[in-house]
Amino acid sequence: MEVWSGSQLTAREVQLGGLDVWVYSKPYGEAQRGGDVYYASSCATGRISRLLLADVAGHGKSVASIAADLRTLMRRFVNRLDQTEFVRLLNQQFAALSESGTFATAIITTFFAPSRRLNICNAGHPRPFLYRSAERQWNFLDRDASSDPPTPRNMPLGILDLAEYDQFDVELESGDCLFTYTDALIESRDADGEMLGEAGLLRILRLLGDVEPRELIDTLLKEIGERFPENLSEDDVTILVVRANGNEPHFSFREKLGAVARFMGSLFRAIDPRAERPPFPDANLANIGGAIVPALGRRWRAPSAARRSPGKTS
């Protein structure tokens, strides 16, 4: 069970179950920490990977304390396949801070390697992009990517204390890529001085062609930076690139034994009421049964969390 996170200057690569992940994060100006925070977690069996990219209103120490709380929440849900309760608690956490003006836009995703399903929740964030290797084409990743105007989205986290957020899921084939980012990219300007927006950023991704995922971030930042002098210099900049690699996680007996020992340790520590809650898995056949009989996990897809809730904005 592992969680990676950050809000500082970062450029790194992480491998999760069935995924390769590249992250770049640069706070605004000379700040040590920015308002952009990212998290990546992998469950005890390596089958469940969760990624969170959030743009928090504010910078510095206040965001650092929020980031620490979010990391604790990520650890608590690291073994959960269904992200619905995780998103609900995220929203409640920001709603509790709303009097101080704290809210966040976010993209929350959960990938289940046995079924290759990616579950997505967009909380008021710029739309991510999906590259289909079979089509060699970038497109918006939305419930209905062809809709114009785009499909209504959830509100940012912390605006209203809503019970649930709308979600949807897609299947990823080997070589497919997910591109998520914060708004510094779409607020950058084209050579004519016009703001890029989501459509302009998609246009540039398509113009770049088949760039290797590990080189995409540097190539894109260079292209945007050359289009207008002030681009990428007036806000935090964070990008997450995720590629499905088609690999299924395999662990040695020693590694499995270590995962069990860590989980049992968390149960023991939970005797102290001040300790973190243990990372219990959700009680469904794909998660628990699939850890023993892999075929049980291959048919899983997110429950019909793709239902409309009162948290939509146009």
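A crossing of two helices is called left-handed if the near helix is turned anticlockwise from the far one by less than a right angle, and right-handed if clockwise. The structure is a predicted model, in which local features need pLDDT of at least 70 and side-chain atom pairs count only at pLDDT 80 or more, while totals for chains, interfaces and linings use all residues. Residues are numbered from 1 along each chain as its sequence is written, and side-chain values use heavy atoms, with hydrogens and water left out.

Helices (H or I, at least four residues) and strands (E, at least two) are DSSP runs, numbered from the N terminus. The crossing of α3 and α4 is right-handed. Residues 197-208 form α3 and residues 213-225 form α4; their axes come within 11 Å and cross at roughly 120°. Axes are lines fitted to C-alpha atoms, for helices over the stretch in contact, and angles run from 0 to 180 degrees between N-to-C directions. Angles under 35 degrees count as roughly parallel, over 145 as roughly antiparallel, 65 to 115 as roughly perpendicular and the rest as oblique; α3 and α4 are therefore oblique to each other. Leu201, Ile204, Leu205 and Leu208 of α3 make the contact (heavy atoms within 4.5 Å) with Leu216, Thr219, Leu220, Glu223 and Ile224 of α4.

Six strands form an open sheet with antiparallel pairing, in the order β2-β3-β13-β12-β8-β9, where two strands pair if DSSP finds at least two bridges between them. The edge strands, each pairing on one side only, are β2 (10-16) and β9 (137-140). Seven bridges join β2 to β3 (residues 19-26).
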